[in-house]
Amino acid sequence: MSNGFSLAATAEPKVVTPGLNKVTLVFVLMAMVGVSAGLYAFYAGHHNVYNNTREMPWGILISSYAFFAITSTGLCLLAAISHIFGGNTLAPLANRMVWMSIITIIGGFTLIGVELESPWRMAIYNVTSPNLTSNIWWMGTLYGMAVGFMFLEFFLILTKQYKIAVALGVLGALAEVAANTNLGAVFATLGGRPYWYGAQLPIYFLASSFLSGAAATVLFTNFAHSMRKQKMSDTVYTGVQSASKLIALMLLLIIVATAWRFISFYVGGAEQGRLAANALMNGPLATNFWIFEVCIGLLFPIGLLIITKMKSLPAMTTASIMVLVGQFFSRYDLVVAGQLVPQYDGWDNLPTYFSYLPSASELLVTMAGLGIVGAGFMLGERFFGKAFEDHAEH
Amino acid sequence: MKMKDLEKLNDEGIENIPSEERRKFLKFGLSVTGVFLGGSVLSLTSAYKANAAVGSMPTMPKGQKFPYSPHYTMVMRQNHCIDCELCKEACVKTNHVPSYGYRTTILEQERPISPTKSERIFMPVLCNHCNRPPCVRVCPTKATFKDKKTGIVMMDYKKCIGCKTCMAACPYNARYFNEDVRAVDKCDFCFETRLSKGEIETACVAACPADVRVFGDLADPNSRVYKLIHSPEKVVWVLRPETGALPNVFYMND
């Protein structure tokens, strides 16, 4: 590596303050407590500490994993598009996006690592006994590859070897898109689950990744500048505005997709799909859906962005936070609603809906995901902050 | 007798007809519609359903072979089930199923048969050993697989990573996570515990006192399961056919 790499060159002393150190520590503690709760599950038995059942095998850990994985894809894709085509207004934000894409997927991996009952077998049999028809296999393998590519890319960015970095960024982005679409297919190809089954989900997941990725970009860029107590340069501000435009565009697409998705359940198709949709319309998930997913996640942010014409930084930041909260709930609602309706509906005096609420352990592990992303962000700014501010043409 | 004379006769009412006669009439009606209306109505009768469920190949009725040999199948003569649960007990004992799980169970339903009356019916369920098993397709490590010889959907515990995608994919809620082996467990038609040791039927079949569960080789035209499924006057159905899994557990009221 010709240019070498020294932390001294990339570290950002401005973000080393007692206050920010405390914030970092809180995130690290969140991560440690959550991961400990997850590790304890292996000892105590997953069925004793997580609220998943035979009928509802997946819960908030899967949905939160999907949330982080989808955000990671968005960040990686936006970074790659900016790096490849250069000259566009997002480029000045791209180095940070690469780092945060790595961090968010590591957050996701942590969640799924303690959600799997016997993850150590994965290390062996994913390699020696791969099932090429399995979307889970492809998703895991491709996200794994993507992280590898992005780590290399990030190292090359730090050492200013931009040409190879862009090539690896492309590979990383391709792997992320393929992984993301397989994540959608994990749900979309299950014929026994009418609420998930269908061709829409994979493209919906990809659209969600652009939405979440753009929101994360606005949020982290803004935080990074607040931490430095530094006003955004014009180029960075223009980049944030572009990301916000993308948020508005993606919100529109997701609103359209959500509307037709629900209408389709009520005009025909399997009864189970309709019952699952009811769970969101006026059933056990109605608050999640209408307040968090629709109002906070879709309508308020698009309204805010349109009214302020993307000229207010607080408005753009608020909209981004709302989008990410909405996306988090959206993943949860999707995962849970798909399993809520009993397979043998009508038999055995089964309830219309099974009940699922995350256990304390599940919430702690979810918090670990947040802790890892938060700590990763803070440490990234601390050690590589100057590289993120590097706006050199790639 | 002419129609006019018939009309003059007293109405005997249908209340007094023995149920034997009612059944005959229904069977006759079914045969007539099956024979004379062809195509779409035939889909209600056994032959079409059986073929649809057994193999996706439309050529099967023309004498094509069943995909497996033996092609293990179970037929449930559902109306004979009295919910004695001896099948469940036998399964637990034979296959060491832990208390928190089950490989087979019996579902029940209170079904209205008139505005004022209802009847209780029972439905035994287990893994359907589908010809297009969604669980096998989604497993990342081939921990669950379809046996090439018998078509039985089996588990290789040591490969199971516990992602539970097979549980989410199964249309029949046939799988549970067995904490003792840290892997998903399910019915294997007693392959491990009985069939591989020379027995010819599963524990649940052997235990059933009401002859509800019939087990056998669908590829053998002389087997009882083959004959049950291919009796044109009977309605045979499978659970959740819309999922496209092509199950190998058939239901009928016999």
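The structure is a predicted model, in which local features need pLDDT of at least 70 and side-chain atom pairs count only at pLDDT 80 or more, whereas totals for chains, interfaces and linings use all residues. Residues are numbered from 1 along each chain as its sequence is written, while chains are lettered from A and ligands numbered from 1 in the order in which they are written.

Chain A contains 14 helices and zero strands, where helices (H or I, at least four residues) and strands (E, at least two) are DSSP runs numbered from the N terminus. The radius of gyration of chain A, taken over C-alpha atoms, is 21 Å, close to the 21 Å that the globule rule (2.2 Å times the number of residues to the power 0.38) gives for 394 residues, so chain A is as compact as a globular protein of that length. Along the principal axes, the C-alpha atoms of chain A fill a box of roughly 70 × 50 × 40 Å. Of the 394 residues of chain A, 55% count as buried, a residue being buried if 20 or more other C-beta atoms, placed from the backbone, lie within 10 Å of its own, exposed if 12 or fewer do, and partly exposed in between. A:Asn88, in the loop between helix 4 (60-85) and helix 5 (94-115) of chain A, counts as partly exposed, with 15 C-beta neighbours inside 10 Å.

Between the two chains, 34 residues of chain A are in contact with 35 residues of chain B, contact being defined by C-beta atoms, placed from the backbone, that lie within 7 Å. On the side of chain A that touches chain B, the elements giving two or more residues are helix 6 (119-128) and helix 7 (135-158) of chain A, and the largest share, five residues, comes from helix 6 of chain A.

In chain B, an open sheet of four strands has the order 8-1-10-9, with mixed pairing; two strands pair if DSSP finds at least two bridges between them. Strand 8 (213-217) and strand 9 (236-237) of chain B stand at the edges, each with a single partner strand, so one side of each is left without a neighbour in the sheet. Strand 8 of chain B pairs with strand 1 (residues 72-77) of chain B in the antiparallel sense, over five bridges, and B:Met76 stands opposite B:Arg213 in strand 8 of chain B.
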